[in-house]
Amino acid sequence: MSKTKKRIEALSELFESEKSYIKDLQLWERSFRMWILGCPLFELKIKYEICDRVFVNMERIRLHHQSILEDMKKQNLEIYSQISQRIPDDDNSFVLDTVDHDNKTLAKLEYISVYENKLDGFKLYLEYVRGLSKAQFDLERLMEYYPEFASGVKDFLKSHGVDSLGIEHFLYRPSQKLARYPLLLNAVVKNEEDDGFRKMYLGLIEGFKVITKSVDHEFNVFSMQFTIYRLGARFRYKKSIRNQQCLGLFQISRSLLKEGDVLVRSLISEKHVEYRMFVFDHVVLACNIPQDRFDEICICEEPMPMTRLKVLRKDPGVFPDAMPVGMCSSLLLFVMGGEVALKLYFKDSGERDVYYSIIQKAVLKANSKLSKSISIDVLCLKNAGQMKYVWKSGHNTLVNDTDSNEDVMSENNEDSVSEVYSMYSEDIHDPEVEEAILDFIKKRESSTLKRISNDDRSQFAVDLTSESMDNQESLDTKSGVVKYGTMSGWRMMFSRTECFTRHVEFPLIAASTKDMKNVDSKQEGMCIFAMENGGVYYRLSDVKPRKILDRIVDKVVYDSMYEILMYTSESVLYVAHFDLESPCIEEVVLSKDVGSFFYSSTSGGSYIVLISPESSQPTSVFLFLIGMSKESIDIRFLKRMCVGFRVSSVLLCSERIVLACKDFEMIDMDTLRAENVLNMQDPFLLILFNRLEAAIAISILPISQHSFLVCFSSMGFVIHEDGRPKRTGVVFLWDCEPVEFKLAKGHVICLGHDCVSVFDLKTGVLIFTKYQKGLRFVAGSSEPLLHDGECIYTLVFEEHQQSEHSV
């Protein structure tokens with residue numbers, strides 16, 4: 001067979017391939033679309049939505065290829081008319097297969113110009129493959145949930161003689177067609193005798209390869225993203241799960257590394273349970289095994305973040321149980337600084353090693369992204385006794401004691417635990433891991449392992465400094481405050497018996513009797529310690545601690561400008577005038593029954609916010625204003641408000657008070673009208689809070705005059721002042737059960753019960769995490785100061801670090 005004939009046959013195959021492809025597109029995109037629109041099961045609006053999702057942009061692809069086929073027909077007719085001097089009876093066929101193949105005119109036939117002119121149109125396939133996975137999912141879900149619809153689809157395919165192909169054939173037909181072009185064109189190149197045409201065909205082949213590669217990449221990315229997003233839509237937390245974190249599976253960077261069914265031993269149950277394990281790039285989940293691919297997936301164990309996860313092939317005594325029957329190897333997953341551990345059992349060591357390799361690589365990759373330029377340094381060493389609460393005013397550096405670091409950091413481990421651990425120590429090389437596991441085992445041995453309830457957050461509330469309040473007059477008792485004894489609708493919600501003091505007055509000591517400059521400089525660096533066993537001490541930068549009170553105090557705040565000391569003891573809130581030059585203090589009971597209190601200073605004044613005890617229903621919020629006259633310092637009651645949930649933090653800003661309870665509630669202090677801070681009609685928030693019914697508002701932190709960071713127990717994000725998300729691409733995914741938050745030097749600091757994590761404020765990326773027991777913020781200071789009851793620490797950020805993680 002001559003090369004000319006082979007070339008004509010290759011061109012004929014290219015031509016017929018276009019015809020066959022268009023026929024399939026017409027059957028699927030036109031005929032099947034008409035069948036869906038005629039289906040009586042759905043309303044017309046729903047039918048159009050189904051068509052939009054299933055066919056994506058297939059109509060435009062069909063029209064593009066019809067245009068290509070028409071140009072190919074023109075080329076064929078032009079050559080045919082030159083050879084035969086007549087018009088063919090059927091212009092839909094290739095027609096040139098009937099002429100003499102030795103005719104030199106056939107050498108002029110080429111489809112290069114046809115495809116080169118239409119090459120940009122093949123970018124339509126990028127749009128198609130982006131929606132392909134969702135199209136297949138939606139169509140299969142309809143067939144799963146509506147048997148009549150599934151039966152109708154099968155009948156449609158059967159009536160057209162393509163029932164053996166199935167819906168996947170038509171859904172994936174476009175991507176398969178695109179991949180065939182280089183093969184079909186190569187057959188033409190092999191038999192092309194014209195060097196110019198050959199080079200142009202080779203260039204066309206390279207163009208199709210580039211487009212095909214780009215389409216394949218786009219399909220893989222969007223297919224993985226949709227698979228993960230679809231999983232995210234199916235996941236729900238079991239109600240008993242304490243740390244119901246936002247998984248962030250809608251983020252582009254997420255990837256699913258491993259999925260499989262494994263026999264698991266957990267802390268929740270003494271029995272071995274078969275779970276479906278999902279290993280993502282940032283978290284490991286243990287879930288129930290769904291019945292089908294459309295069922296909900298219940299997360300049955302606490303999520304295990306990669307940044308704090310340790311994977312061990314030998315159990316150092318966390319689960320001392322015997323190996324289950326039929327199993328020969330195991331894997332221990334342990335979360336640093338959390339009461340979370342799972343033991344996975346496998347029938348062979350090979351499968352165990354696969355899981356170990358995948359999880360260990362993910363752990364190393366997650367930790368490789370953490371910054372090495374952040375550290376926790378000891379700032380002030382151990383005092384006498386255990387500190388319960390620490391307040392510091394100003395920004396002066398605390399002076400180190402002369403006590404040895406060894407005394408602070410030394411551990412007195414039990415011998416029995418150490419012996420158990422030493423038997424399996426070859427898998428562990430990190431002293432922090434050893435400390436965490438030893439502490440975990442000790443708790444289990446002493447039967448003190450317990451879950452810390454969300455209610456414990458109240459004792460770790462964050463004190464926030466709000467913006468300037470422009471209108472102090474709105475807070476005056478003359479403008480809207482309910483007078484005692486009136487019977488307005490708001491007042492009737494409360495008991496008439498008041499358990500708080502409406503007005504406290506402290507006489508003002510003349511400034512001439514004191515060296516104010518010296519006092520102010522001393523108070524600027526003052527630190528106040530409330531000890532666990534009782535007693536409140538203050539400490540200046542140049543003297544040893546001095547005792548103020550003998551009481552057991554839960555929380556203490558000091559305002560150096562007014563010299564007012566506020567503290568709670570046994571649910572009683574005291575205020576006292578505290579003068580550094582006076583050996584005693586004058587205390588007054590401001591409230592006899594208080595759950596917690598918050599203090600905020602603004603240019604318009606300083607405010608005390610009292611929260612009623614959790615036992616009171618509904619929760620009451622009391623607002624007091626501190627003012628100064630020529631003769632005295634006054635504390636006056638301003639407002640009383642009612643909220644339905646426990647309040648964990650408070651923010652005062654321009655005639656409004658924001659309360660963190662179940663959600664963030666903003667209350668107008670004049671009208672007492674309440675509204676949600678977040679605009680929950682925003683579609684991004686609907687996705688973010690999907691299936692996170694247990695999410696609780698913890699803190700709202702001002703970033704600028706018009707933007708705020710809202711921190712929930714499940715996640716955090718930045719909002720505008722109108723409640724809309726400011727940067728939907730930036731979501732803070734906590735790697736622990738959060739207790740309190742602070743903004744410092746362009747970072748978000750999140751404290752858990754036994755760990756501290758730091759996030760970049762611009763990107764939301766976790767850049768530092770460390771296991772350290774019992775850390776809490778030193779209140780009052782804007783600096784990142786922490787304490788663990790024994791020592792005071794500071795988070796140190798190196799100067800170049802901040803630019804490393806900027807956008």
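Predicted model: local features only at pLDDT ≥ 70, side-chain atom pairs only at ≥ 80, totals over all residues.
Biologist: Which residues have the most contacts inside the largest nonpolar core?

Modeller: A core is read as buried nonpolar residues joined through side-chain atoms within 4.5 Å. Here the largest one has 65 residues, and Trp28, Tyr111, Tyr115 and Phe122 have the most contacts inside it. Helix H1, residues 3-37, gives this core its largest share, twelve residues. A second, separate core has 42 residues, among them Leu540, Ile548, Leu549 and Leu580.

Biologist: Leaving aside neighbours within four places in sequence, what is Tyr111 in contact with?

Modeller: Its partners are Leu11, Leu14, Phe15, Met72, Gln75, Asn76, Phe94 and Tyr201.

Biologist: Where is Thr4 found, and how far is its C-alpha from that of Leu106?

Modeller: Thr4 belongs to helix H1. Although Thr4 and Leu106 are 102 residues apart along the chain, their C-alpha atoms are separated by 7.9 Å.

Biologist: Now a single helix. What span does H2 reach, and what is expected?

Modeller: One compares the distance from first to last C-alpha with the span expected at 1.5 Å a residue. H2 covers residues 44-55, twelve residues in total, and reaches 16 Å, close to the expected 16 Å.

Biologist: Which residues of H2 are buried, and why are they on the same side?

Modeller: Lys47, Ile50, Cys51, Val54 and Phe55 are the buried ones. They are on the same side of H2 because they cover an arc of only 100° around the axis. The face turned away from that buried side carries exposed Lys45 and Asp52.

Biologist: What covers the buried residues of H2, and which residue follows the helix?

Modeller: The cover includes H1, helix H3 (58-84), helix H5 (124-145) and helix H7 (166-171). After H2 comes Val56, with a positive phi near 50°.

Biologist: Is Ser707 buried or exposed?

Modeller: Ser707 counts as buried because its relative accessibility is 2%, under the 20% limit. Ser707 is placed in strand E29, residues 707-712. The side chains of Ser707 and Ser704 are joined by a polar contact of 2.6 Å. Beyond neighbours within four places in sequence, Ser707 is in contact with Pro702, Val718, Ile719 and Lys726.

Biologist: Where is the place of Asp315, and why does Asp315 count as buried?

Modeller: Asp315 is in the loop between strand E7 (309-312) and strand E8 (329-335). Asp315 counts as buried because its relative accessibility is 10%. A polar atom of the Asp315 side chain lies 2.8 Å from the backbone nitrogen of Val318. Asp315 and Lys343 are 28 residues apart along the chain, and 8.3 Å separates their C-alpha atoms.

Key: Residues numbered from 1 in each chain as written. Heavy atoms only, no water. Buried < 20%, exposed > 50% of the residue type's maximum accessible area, 1.4 Å probe, protein only. Helix = DSSP H or I, 4+ residues; strand = E, 2+ residues; numbered from the N terminus. Contact = heavy atoms within 4.5 Å. Expected span 1.5 Å × (residues − 1). Arc of directions from axis to C-beta. Polar contact = N/O pair within 3.5 Å; in protein donor to acceptor, adjacent residues only side chain to side chain.
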